[in-house]
Amino acid sequence: MPEQDATEYSIRFARYSDLKRVTDIMESMEEQIDDTSIFVADDEYFIKSHIEREGFIVVAGHKKKIAAFLIVRFPRDSEDNLGRDIGLNEDDQWKVNHMESVIVVDEHRGNALMQKLIEYSEPIAKFMDYPIAMATVSPDNPYSLNNFLKMGYKEVLRKKKYDDVERIILRKDL
Ligand SMILES: CC(C)(COP(=O)(O)OP(=O)(O)OC[C@H]1O[C@@H](n2cnc3c(N)ncnc32)[C@H](O)[C@@H]1OP(=O)(O)O)[C@@H](O)C(=O)NCCC(=O)NCCS
């Protein structure tokens, strides 16, 4: 994979005009990885509601295209709040953010974009009063898992989630 010049990437909030591109990337990824044990894709409604109110999306722009994106979600009192899985009390569940979905487009992999997106997002989530960062990864996805571990996320639980798929649940206090 050719190495890209890292300075060519601009890490920034997603705009409405990015929505279609983010959705397209998500959908193409779904076709490539139809093994849901590795990746569970989000649909367009979900992505749109993120730009609007339930969290935020950060993208790595590259020459007017999107090279990577990260969806950060505030699950609050949702059933799927990962804080529930690890037994957080209700107050703490409201402080949880989910580092929900991250995708780096094939030709841009190997430029630590996942880490850059997370680094950009963590202080924002903390500032917005969601200082407990949580994520799920598949044990079969070492690229994602290693990036989270390198950034100080700790495994707190392993369990079957999303239709019986094995997941590692990670946590980092921001
Ligand atoms: C997980 C993911 C975001 C990491 O991308 P990234 O930030 O570019 O990864 P890194 O920069 O840490 O890559 C480190 C090395 O692993 C390689 N690599 C990263 N992802 C890879 C993949 N899916 N398959 C093969 N090699 C991969 C890189 O090329 C790089 O190799 P190098 O050191 O020889 O240059 C990316 O693999 C991806 O988009 N995967 C599909 C979606 C997904 O699984 N998301 C996570 C769950 S929501």
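At roughly what angle do the axes of H5 and H6 cross? They cross at roughly 45 degrees, and the two axes come within 10 Å. Keep in mind that this is a predicted model.

**Who sits around the ligand**
- The shell around the ligand holds 16 residues, and those that come nearest are Val-102, Val-104, Gly-110, Ala-112 and Asn-141.
- By type, the shell splits into nine nonpolar residues, six polar ones and one charged one.

- Arg-109 uses its side chain here: one of its N or O atoms is 3.2 Å from a nitrogen atom of the ligand.
- Asn-111 works through its backbone instead, with a polar atom 3.4 Å from an oxygen atom of the ligand.
- Asn-147 puts a polar side-chain atom 3.1 Å from a ligand oxygen.
- As for cover, the ligand has 880 Å² of accessible area on its own, and the protein covers 71% of that.

**Which elements contribute**
- The top contributor is E4, which supplies four residues.

**How H5 and H6 pack**
- The crossing of H5 past H6 is right-handed.

Terms used:
Residues are numbered from 1 along each chain as its sequence is written. This is a predicted model: local features need pLDDT of at least 70, side-chain atom pairs count only at pLDDT 80 or more; totals for chains, interfaces and linings use all residues. Side-chain values use heavy atoms; hydrogens and water are left out. A residue is near a molecule or strand if one of its heavy atoms lies within 4 Å of it. A polar contact is a pair of N or O atoms within 3.5 Å; within protein, one must be able to donate a hydrogen and the other to accept it, and residues adjacent in sequence count only if both atoms are side-chain atoms. Accessible areas come from the Shrake-Rupley method with a 1.4 Å probe; for residues, only the protein chains shown count as cover. Helices (H or I, at least four residues) and strands (E, at least two) are DSSP runs, numbered from the N terminus. Ala, Val, Leu, Ile, Met, Phe, Trp, Tyr, Cys and Pro count as nonpolar, Asp, Glu, Lys and Arg as charged, and the others, Gly among them, as polar. Axes are lines fitted to C-alpha atoms, for helices over the stretch in contact, and angles run from 0 to 180 degrees between N-to-C directions. A crossing is left-handed if the near helix is turned anticlockwise from the far one by less than a right angle, and right-handed if clockwise.
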